[in-house]
Amino acid sequence: MSLLKTTGICKSFGGLAAISNLSMEVHEQEILALIGPNGAGKTTLLNLITNFTTPDSGSIILAGQDIAGLARHKIVKLGIARTFQSLTVFENLSVSDNITIGHSSQVESSLLDMLNIVAYLRGKKEHRHGLREKIAEVMAFVGLDAGLAKEPVHVLAMIDKKRVAIASALASGPSLLLLDEPLAGLNQSEAQELLGLIRKAKGAGIAVLLIDHNLEAVMSIAERVLVLNFGELIKTGTPEEIIRSKRVSEVYLGK
Amino acid sequence: MTRGKLVIGAVLLAYAVIPAFAPENIVHLMTITGIWIIIASGLNLLTGYMGYVSFGHAGFVGIGAYTSALLTLKFGVSFWTAALAASLFTALFGLLLGVAILRLSGIYFSIGTLILGEILYSIYYNWSPVTGGFMGLNVPPPELSLPLMGGVSFELLQWYYFIYLLVFLVVGGLKLLIDSHFGKEIIAIRENESLSQSLGVNINQRKSQCLAISCFLAGMGGALFGAFMGHVDPDSFSIAGSTEFITIIIIGGLASLMGPFFGAYVLITLSLYLEVLGKWRMVVYGLIIVFVMIYARGGIVGFLETIFKREFRK
């Protein structure tokens, strides 16, 4: 079943076509890898899906709705969460605050509701309790020690910061998680732990679209692989098919 | 927690009995300080918590002051209605202004507000038929009708208690706000806007709400200030005024509910001793800000936290 489908999306920066006429699909609950040389347009595709960049043309359909150009917080609400290439977390805030922010799209957002003081005071305990449980649940899911909840993120190790980034993304309850180079800067065993986490997310019913340069790791985890080159989709297939593809090795290794 | 409540109780008690002992000029100064705390708390929400430094806040205060004064003078509206209307009008102004100015961030937002403050100041100064120009407007003292007692006119003592009741309500209200999800979201905006967005925060809505609340408190402070002083003139709402509010929240400690409280008292005490310097006192404020920014980023609240080894801020 298709979860996300892009049809003919194009994006140029000045005269440079970053993405040209790209059509692809993400299936429900699959791990899909996006590979390609530097500058192939991988991150641009993620940015187009989450509207950090608006496409020049084409459509991006999520569960029957065109989300191209939709406000970012609405896209999150519809079920797409992402992390960034350079690790991005709220370094000065605590782990639990990071996850709380990730939970924003699930919270009653009208200020009037928030200012309804009687309801607030009455619901405060309940709401907080619910939130605390949610935080504990997400932290346990990504493998963060419960004792770290009140720690500011900047004191954590790299792998734990990455866990926080993924935990905040998961707190929005996504059906599709976009991970941009999650393995960068991790050693072999840490990378394995993170891959385990990605499999776990899939197990929880979440589709994962993964960009990474660690091809060995990507091939070991992905069910399908998309290969981009100069903004064009040159090959789609299972990892085995991609490894055997002459076109792909040409792109990576030259003729 | 119990100790915290004890401290709050003791402070409230002290405030209740101070007018019985303190000379009138001190009570007068404390009342003005109370108004400053209200305005600075609003600025702190915008600048300390959300990270948008407004250098034109005195301009917003002026909108509240002139609106309320004009409503009472020209339309015979009672002070209470006028003050509420003026606060709401200033909030509305902030909301509309936000559509344009919240597209800017960082230093550009600050420059935008600085220029806006200057524009507002020159309107107050030059639009003489309405604002009274540099002479300003005289505002009649408010009257309060109580059942059985009839009209009570507002003397210093009534003002003092009224203002500190408002301070209590405002700081309490802001605490609710900061503790709510709204508070987390505006802090997230300060830390990283695009990350907040990608995590589902509706940052445009939050930013304009925060600016509107900040403006509401500025307008309220302005209306109170005009009525308390019995006079409104442009010089209270110049860039120098804006700088004073910034100084208050920086000295007190940014993003701390008690920051404006400490900051306002320090600044008003300073201004007493520095009065001889006239406008040169701005130089001293500038030096203090530089000193605090370099050596004591947390301001007074941060300093107290270090001493008592305890977090006061949220």
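Analyst: N51(A) is buried, because 21 other C-beta atoms lie within 10 Å of its own. The C-beta atoms in such counts are placed from the backbone; 20 or more others within 10 Å make a residue buried, 12 or fewer make it exposed, and anything in between makes it partly exposed. This is a predicted model, in which local features need pLDDT of at least 70 and side-chain atom pairs count only at pLDDT 80 or more, while totals for chains, interfaces and linings use all residues. Residues are numbered from 1 along each chain as its sequence is written, and chains are lettered from A and ligands numbered from 1 in the order in which they are written.

The place of N51(A) is the loop between α1 (42-49) and β4 (57-62) of chain A. Helices (H or I, at least four residues) and strands (E, at least two) are DSSP runs, numbered from the N terminus. Although N51(A) is not a glycine, its phi is positive, at about 60 degrees. Most residues other than glycine have a negative phi, and most peptide bonds are trans.

F230(A) also has a positive phi, about 45 degrees, without being a glycine. F230(A) sits in the loop between β9 (224-229) and β10 (232-237) of chain A. With 16 other C-beta atoms within 10 Å, F230(A) is partly exposed.

Elsewhere in chain A, E241(A) belongs to helix α9 (residues 239-244). E241(A) counts as partly exposed because it has 13 C-beta neighbours inside 10 Å. R224(A) is 17 residues away from E241(A) along the chain, and the C-alpha atoms of the two are separated by 9.4 Å.

Chain A also touches chain B. The contact takes 24 residues from chain A and 18 residues from chain B; two residues are in contact if their C-beta atoms, placed from the backbone, lie within 7 Å. On the side of chain B that touches chain A, the elements giving two or more residues are α8 (181-191) and α9 (193-198) of chain B. The largest share of that side, six residues, is supplied by α8(B). By class, the side of chain B that touches chain A has six nonpolar, nine polar and three charged residues. Here Ala, Val, Leu, Ile, Met, Phe, Trp, Tyr, Cys and Pro count as nonpolar, Asp, Glu, Lys and Arg as charged, and the others, Gly among them, as polar.

In chain B, helix α2 (residues 24-49) has 26 residues and reaches 36 Å from its first C-alpha to its last, close to the 38 Å expected at 1.5 Å a residue. The expected span is 1.5 Å times one less than the number of residues. After α2(B) comes G51(B), with a positive phi near 85 degrees. N25(B) is part of α2(B) and is exposed, with 10 other C-beta atoms within 10 Å.

Helix α7 (residues 156-179) of chain B has 24 residues and should span 34 Å at 1.5 Å a residue, which agrees with the 34 Å between its end C-alpha atoms. Among the buried residues of α7(B) are W159(B), Y160(B) and I163(B). The cover over the buried residues of α7(B) includes α1 (2-21), α2, α8 and α10 (203-229) of chain B.

F225(B) lies in α10(B) and is buried, because 26 other C-beta atoms lie within 10 Å. Leaving aside neighbours within four places in sequence, F225(B) is in contact with I35(B) and A65(B). F225(B) and G34(B) are 191 residues apart along the chain, with their C-alpha atoms separated by 9.9 Å.

Helix α14 (residues 299-308) of chain B has G299(B), I300(B), V301(B) and G302(B) as its buried residues. These buried residues of α14(B) pack against α11 (239-252), α12 (259-273) and α13 (281-295) of chain B.
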